[in-house]
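Subject: Structure for you to look at

Hi,

Here is the structure I promised to pass on. My notes on it follow below.

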Amino acid sequence: MTKLAAGLTEKQHNMLERILKLSTDSSAVALSEMTEKSIFLKAPKLGVGSLDSIIDMAGGYETIAISVCLIFDGDIKGNMLLVFPGKSAFKLVDLVMQAEANSQKELDEMAISVLGEVGNLVSAYFLSTLSDYTGMDLRPSSPMLTQDMIGAIISTAMLMLARAPEEVLFIETEISGAARKIDGYLMLFTDEDSLKKLLHAIEKR
């Protein structure tokens with residue numbers, strides 16, 4: 001396997017930032033309309049990193065997290081994870097349901113519904129905007145929720161691919177309301193050929 005040792009080129013980084021800005025703005029508008037409250041999404045950091053570095057950044061192998069996964073196919077194949085470490089997912093449910101802080105304490109039916117809808121919305125807007133900018137056909141599946149250790153979640157995402165990647169495109173995200181901030185991580189898993197094809201399409205634009 002080869003590494004994208006130099007990381008993203010300036011053009012790839014700038015284009016991905018633009019795609020992120022548009023998709024997070026659209027997601028924030030949709031979430032605000034859904035809750036009738038102002039909700040903001042930011043993507044303060046993006047890059048390509050090794051699996052170990054991504055796991056460390058998200059909290060470490062044994063940190064319990066809740067993830068929303070969408071598989072996509074079309075011109076390239078892969079999957080997207082929206083990972084909420086620790087209690088971030090429950091904070092997000094409280095925010096969307098406009099409940100008191102620390103009201104949500106377990107992954108019950110309501111939490112699964114809320115997190116699935118938010119994960120589907122954020123991931124689908126990103127893939128749609130990415131498709132618009134690259135001209136690629138990207139077709140996402142329905143969202144799947146998992147609660148497990150971060151190491152296990154990411155290992156499972158890798159096993160869904162025909163060829164495991166050595167590097168992952170990651171985006172640190174921040175969802176916030178009037179007085180709450182929730183950290184999360186959006187990760188794009190593709191095999192090496194698909195990642196190179198994607199970055200090449202961005203570079204050509």
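Let me start with one residue. Leucine 70 has 0% relative accessibility, so it counts as buried. Buried here means under 20% relative accessible area, exposed means over 50%, and partly exposed is in between, with a 1.4 Å probe and protein chains only. Leucine 70 sits in strand S2, residues 64-74. Helices (H or I, at least four residues) and strands (E, at least two) are DSSP runs, numbered from the N terminus.

A word on the source. This is a predicted model, with local features needing pLDDT of at least 70 and side-chain atom pairs counting only at pLDDT 80 or more, while totals for chains, interfaces and linings use all residues. Residues are numbered from 1 along each chain as its sequence is written, and side-chain values use heavy atoms, with hydrogens and water left out.

Back to leucine 70. What is it in contact with, leaving aside neighbours within four places in sequence? The list is Gly78, Asn79, Met80, Gly119, Asn120, Ser123, Pro140, Ser141 and Pro143. Contact means heavy atoms within 4.5 Å. Lysine 45 is 25 residues from leucine 70 along the chain, and their C-alpha atoms are separated by 21 Å.

Overall fold

The protein has 6 helices and 7 strands. Their order from the N terminus is α-β-α-β-β-α-α-β-β-α-β-β-α. The radius of gyration is 16 Å, close to the 17 Å that the globule rule gives for 205 residues, so the protein is as compact as a globular protein of that length. That radius is taken over C-alpha atoms, and the rule is 2.2 Å times the number of residues to the power 0.38. The C-alpha trace spans about 45 × 35 × 25 Å along its principal axes.

Of the 205 residues, 50% count as buried. Take the contacts between residues at least 6 apart in sequence: 73% of them join residues at least 24 apart. The accessible surface is about 9900 Å², and 50% of that belongs to carbon and sulfur atoms. Areas come from the Shrake-Rupley method with a 1.4 Å probe; for residues, only the protein chains shown count as cover.

Charges next. There are 19 positive and 28 negative side chains, and the centres of the two sets lie 5 Å apart. Lys and Arg count as positive, Asp and Glu as negative; His and the chain ends are not counted. Each charge is placed at NZ of Lys, CZ of Arg, CG of Asp or CD of Glu.

Cores

In soluble globular proteins, nonpolar side chains tend to be buried together. A nonpolar core here is a set of buried Ala, Val, Leu, Ile, Met, Phe, Trp, Tyr and Cys residues joined through side-chain atoms within 4.5 Å. Which residues touch the most other members of the largest core? They are Leu92, Phe126 and Leu130, out of 49 residues. Helix H4 (residues 109-134) supplies the largest share of this core, 10 residues. Apart from it lies another core of 19 residues, including Ile54, Ile55, Ile154 and Met187.

Leucine 130 touches Leu16, Ile19, Leu138, Leu198 and Ile202, not counting residues up to four places away in sequence.

Valine 168 is in strand S6, residues 167-176. It is buried, at 1% relative accessibility. Beyond four places in sequence, valine 168 is in contact with Gly47, Val48, Gly49, Leu51, Ile54, Met187, Leu188 and Phe189. Tyrosine 125 is 43 residues from valine 168 in sequence and 19 Å away, C-alpha to C-alpha.

Isoleucine 112 is in helix H4. Is it buried or partly exposed? Isoleucine 112 counts as partly exposed, because its relative accessibility is 41%. Leaving aside neighbours within four places, isoleucine 112 is in contact with Leu107 and Leu145.

The loop between H3 and H4

Most residues other than glycine have a negative phi. Glutamine 98 has a positive phi, near 55 degrees. It lies in the loop between helix H3 (88-97) and H4. At 44% relative accessibility, glutamine 98 is partly exposed. Asparagine 102 is in the loop between H3 and H4 too. Its phi is also positive, about 70 degrees. Asparagine 102 is exposed, at 53% relative accessible area.

Threonine 35 is in contact with glutamine 98 and Val96, leaving aside neighbours within four places in sequence. Threonine 35 belongs to helix H1, residues 10-35. It is buried, at 4% relative accessibility.

Best wishes
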